[in-house]
Amino acid sequence: MRPFRYARAAHLDDAIAAGSESGTAFVAGGTNLFDLMKADVLRPDTLVDVSRLPLDTIDDTPDGGLRLGALARNADTAYDPRVQSRYPMLARAILAGASPQLRNMATNGGNLMQRTRCYYFYDTATPCNKRAPGSGCGAIGGVNRIHAILGASPSCIAVHPSDLCVALAALAATVRVTGPDGERTVPFAAFHRLPGDTPERDTTLEPGELITAIDLPPQGFAAHSTYLKVRDRASYAFALVSVAAALDIDGGTIREARLALGGVAHKPWRDSGAEAALAGKPATPATFAEAAGIVLRDARAHDHNAFKIGLARRAIVRALTEAAGGKHP
Ligand SMILES: Cc1cc2nc3c(=O)[nH]c(=O)nc-3n(C[C@H](O)[C@H](O)[C@H](O)COP(=O)(O)OP(=O)(O)OC[C@H]3O[C@@H](n4cnc5c(N)ncnc54)[C@H](O)[C@@H]3O)c2cc1C
Ligand code: SF4
């Protein structure tokens, strides 16, 4: 690891001022950033430690929703009784990720900002447009079993690795951000980016901006929702495909649906077309299969990941079936 300076921010203003300097990086739990520094993928001159800022609470909001502090730990968020009872899909997504030790350290803001697990991104001996813009993409024509089937570009076919973010996409959360120009809110769908020809940018966050909180709307779909994660091992593995499925059902008919996928694209993949197609239909396997077809209508495989298309199709149907049955194992 290269030498770097370390500064602990005592106040939000200090963090924003320090984080606006070029060559600085915020550090919260450190579970992703330190790995990337050890692998020489990221080389910040200065780390601004934000972990002691008072942004670690989980609070009810006046509209009946919940505000998750950016520095609340993933474990504390998943086990919060209000998250468990009102947003069980979110709790389940968090607990499907990483390990208990990691979830005790990892923060909600850091989870949103974690980088892809593409092998070539971590291997500085190989080309990677995300790590070194303009150097090429090792995964295109290389080993690409874990890579994207939706929304990829000729520059990058990486996927976003988070579980938490897939549930936040389905819940239509809002990200609260503070930066040199003040505070702003970002709808979750607009927070992460598709790669296009600038895959080095994962999010729409501007330099120096800090995530302060994530707002959950009142509708948590507690009665009919689930998070299904399909992976190579039963635990401690990233998703090959994951599905956050949430339904509002009235007498067997779907009133409203939410559907988001992980492991398939550069960002959590929420499909409003599929959601619209589910609304007003009976909650049956035929309806769910039709929605899966809509989500995957533009899916494109690479050399080693064609299996993901069929896997995603089956996972969507299974997740929607579980959600309709009100099953929360
Ligand atoms: C072995 C292993 C397995 C894992 N498995 C999974 C998994 O299955 N599913 C899953 O979802 N995740 C998984 N993770 C990832 C883990 O969830 C993330 O590493 C963690 O959430 C990052 O949070 P952190 O607080 O440690 O972030 P840090 O490592 O401190 O920071 C990560 C990035 O976020 C930035 N950052 C941190 N906080 C903020 C903020 N408030 N505002 C703006 N930028 C900020 C940092 O500058 C840095 O760029 C795994 C990690 C490991 C090491
Ligand atoms: S898929 Fe993206 S992250 Fe992976 S090597 Fe290509 S450019 Fe880099």
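**Five-strand sheet**

I started with an open sheet of five strands, ordered S4-S5-S8-S6-S7 with antiparallel pairing. Strand S4 (58–60) and strand S7 (182–187) are the edges, each with a single partner strand, so one side of each has no neighbour in the sheet. From one strand to the next the twist averages 25°. Strands here are DSSP runs (E, at least two residues), numbered from the N terminus, and two strands pair if DSSP finds at least two bridges between them. I also looked up S6 (residues 174–179), which pairs with S7 in the antiparallel sense over six bridges. Arg176 sits opposite Thr185 in S7.

Before going on, I note that this is a predicted model: local features need pLDDT of at least 70, side-chain atom pairs count only at pLDDT 80 or more, and totals for chains, interfaces and linings use all residues. Residues are numbered from 1 along each chain as its sequence is written, chains are lettered from A and ligands numbered from 1 in the order in which they are written, and side-chain values use heavy atoms, with hydrogens and water left out.

**Three-strand sheet**

Next came an open sheet of three strands, order S1-S3-S2, with parallel pairing. S1 (5–8) and S2 (24–27) are at the edges with a single partner strand each, so one side of each lacks a neighbour in the sheet. Neighbouring strands are turned by 25° against each other on average, direction ignored. Four bridges join S1 to S3 (residues 46–49), and I found Ala7 opposite Val48 in S3. Helix H1 (residues 12–19) lies across S2 and S3, at about 145° to S2 (axes are lines fitted to C-alpha atoms, for helices over the stretch in contact, and angles run from 0 to 180 degrees between N-to-C directions; contact means heavy atoms within 4.5 Å).

**Ligand 2**

Which residues are closest to ligand 2? I got Cys118, Cys128, Cys137, Cys156 and Ile157, out of 14 that surround ligand 2 (a heavy atom within 4 Å). The shell divides into nine nonpolar, four polar and one charged, with Cys and Ile among those counted as nonpolar.
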